[in-house]
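Colleague: I am new to this structure and would like a close look at a single part of the model. Could you take me through the pockets, with some care?

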Amino acid sequence: MSGPDLRRAAATRALDLIEPGMRLGLGTGSTAAAFVGLLGERVRDGLDIVGVPTSEATRLQAEGLGIRLATLDDLPELDLTIDGADEVDDQLRLIKGGGAALLREKIVACASCRMVVIAAAAKHVARLGAFPLPIEVNRFGLTATHRAVEAAVARVGCTGPVRLRLDPAGKPIVTDGGHHILDAHLGAIPDPDALGAALWTVPGVVEHGLFLGIADAAILAADRGGQAEVTVLGSLV
């Protein structure tokens, strides 16, 4: 099966969690976009929900599908967030931020009673870190912050380059919040909690892509002989 098929299978299973009147956090990325697309179909059929998007891209998609939207200022407490992940381990620790929306994604997820991850099963890993860890940083003092992040990473025993993320034109990307992204290419993260704590000692770090103790469950779709097999880590209730 193709990646889009697996993403759709995971997103379809997540739709079973949606009830009328829910306040939903709407994630960012290809798998979250598959969920928003399916949600839009349900909304056209009469489902009444309100969504809080985690990025401008998701906002534009949801608006185009007629999904009623609000902000966290309007709805500071949400029932459920559905979002993708770049990696998820057995303890439901995540790396997120491949789409450069990690700050808003974490704010929305932490404002929710539950967060459920949807992903292809290939995103399920024994140890986090093969996917580069995104770190959102303030543009002011970028060089100093970059050096301090490298030192923080080394201090907890991680190795690998920390690179500024560039757009196709070779310019630093700018997030929806007006920040830059550093990607830490670490290969493996032996202690995600220690790394997360070390990154918070750097004043220029706005947010990091380690989502620790936030996700309640992950819906994972795998190809089994040309059919999608969906499994769940954690609890959906």
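This is a predicted model: local features need pLDDT of at least 70, side-chain atom pairs count only at pLDDT 80 or more; totals for chains, interfaces and linings use all residues.

Modeller: Leaving aside its neighbours within four places in sequence, D89 is in contact with H124, V125, A126, L128 and L233. D89 sits in the loop that runs between β4 (87-88) and β5 (94-95), and because its relative accessibility is 2%, under the 20% limit, D89 counts as buried. Its side chain also makes a polar contact, at 2.8 Å, with the side chain of R93.

The largest pocket holds about 240 Å³ of space, and it is lined by 13 residues, of which V52, P53, A70, T71 and L72 are the closest to its centre. Two or more lining residues come from each of β2 (50-53), α3 (56-64) and α4 (102-110), and α4 gives the most, with 3 residues. By kind, the lining of this largest pocket divides into 7 nonpolar, 2 polar and 4 charged residues.

The second largest pocket has a volume of about 180 Å³, and of the 16 residues that line it, T28, G29, S30, A85 and D86 are the closest to its centre. Here the elements that give two or more residues to the lining are α2 (30-44) and β6 (112-120), with α2 giving the most, at 3 residues. The lining of the second largest pocket divides into 4 nonpolar, 8 polar and 4 charged residues.

Key. Residues are numbered from 1 along each chain as its sequence is written. Side-chain values use heavy atoms; hydrogens and water are left out. Helices (H or I, at least four residues) and strands (E, at least two) are DSSP runs, numbered from the N terminus. Buried means under 20% relative accessible area, exposed over 50%, partly exposed in between (1.4 Å probe, protein chains only). A polar contact is a pair of N or O atoms within 3.5 Å; within protein, one must be able to donate a hydrogen and the other to accept it, and residues adjacent in sequence count only if both atoms are side-chain atoms. Contact means heavy atoms within 4.5 Å. On a 1 Å grid over the protein atoms alone, a cavity is a set of points where a 1.4 Å probe fits but cannot get out, and a pocket is an open set with protein on both sides within 12 Å along at least five of seven lines; lining residues have an atom within 4 Å of a point. Grid points are joined across faces, edges and corners, and a volume is the space filled by probe spheres set on the points. Ala, Val, Leu, Ile, Met, Phe, Trp, Tyr, Cys and Pro count as nonpolar, Asp, Glu, Lys and Arg as charged, and the others, Gly among them, as polar.
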